[in-house]
Amino acid sequence: LSAETKQKLYLLPRLNAILNGTAFVLLLLALGAIKKKNIDLHKKLVTVTLLLSALFLVSYSVFHITTPSTSFGGEGTIRYVYLFILLTHIVLSAVIIPFVLFTYARGLAMKVEKHKKLARITFPMWLYICLTGVIVYLMIQPYYPVF
């Protein structure tokens, strides 16, 4: 790959952090909307959040398929903090996909009690994943190669 192409690919992690950060905010707004019984706004916010998460997944996959892994360069306690955040982020990211899809489908079908029951698990997990995605980016970003 040319240096110009590599430089463009290394913009994807920043885009991913923006997508995650935006999803985090939208999830909080969706919670606020449903607490105010604004079901229409809640549905719209969750739908946009789901789309952002899907876009993130595509962008993340493209980046990691096309670029070599970057090692975290921190040492000592911060390295363990980073690894803990990264590990929990990765594990929960794999686990959450069916939770999000079932929660979303139950909401759209207006199976309110089933939706609420599952959302109590899905929401904090999704929020954590979005937040830790931004944190992981901020921690690893200084170690990306410069072109």
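## Salt bridges and helices in a predicted model

K44 and D40 sit 4 residues apart in helix α3 (residues 39-66), which means that about one helical turn separates them. The structure is a predicted model. These two side chains form a salt bridge, and their closest N and O atoms are 3.1 Å apart. D40 has a relative accessible area of 46%, so it is partly exposed. The limits that matter here are under 20% for buried and over 50% for exposed, with partly exposed in between.

**The salt bridges**

How many salt bridges are there by the rule of a Lys or Arg nitrogen within 4 Å of an Asp or Glu carboxyl oxygen? The count comes to 3. The table sets them out.

| Pair | N to O distance | Helix |
|---|---|---|
| E4 and K8 | 3.2 Å | α1 (residues 3-9) |
| K44 and D40 | 3.1 Å | α3 (residues 39-66) |
| E113 and K116 | 4.0 Å | α5 (residues 112-140) |

Why are E4 and K8 separated by about one helical turn? They are 4 residues apart in helix α1, and this spacing gives about one turn. An α-helix has 3.6 residues a turn, so residues three or four places apart point the same way. The side chains of E4 and K8 meet in a salt bridge, and both residues are exposed.

In helix α5, E113 and K116 are 3 residues apart, so they too are separated by about one helical turn. Their side chains meet with an N to O distance of 4.0 Å. Is E113 buried or exposed? E113 counts as exposed because its relative accessibility is 57%. K116 has a relative accessibility of 36% and therefore counts as partly exposed.

Helix α2 covers residues 12-35, which is 24 residues.

Which elements do the buried residues of α2 pack against? They pack against α1, α3 and α5. Among these buried residues are L12, P13, N16, L19, L26 and L27. The list also includes several alanines, namely A17, A23, A30 and A33.

L55 and N16 are 39 residues apart along the chain, yet their C-alpha atoms are separated by 8.6 Å. L55 is partly exposed because its relative accessible area is 45%.

Just after α2, K37 takes a positive phi of about 65°.

Terms used
Residues numbered from 1 in each chain as written. Predicted model: local features only at pLDDT ≥ 70, side-chain atom pairs only at ≥ 80, totals over all residues. Heavy atoms only, no water. Helix = DSSP H or I, 4+ residues; strand = E, 2+ residues; numbered from the N terminus. Buried < 20%, exposed > 50% of the residue type's maximum accessible area, 1.4 Å probe, protein only. Expected span 1.5 Å × (residues − 1). Contact = heavy atoms within 4.5 Å.
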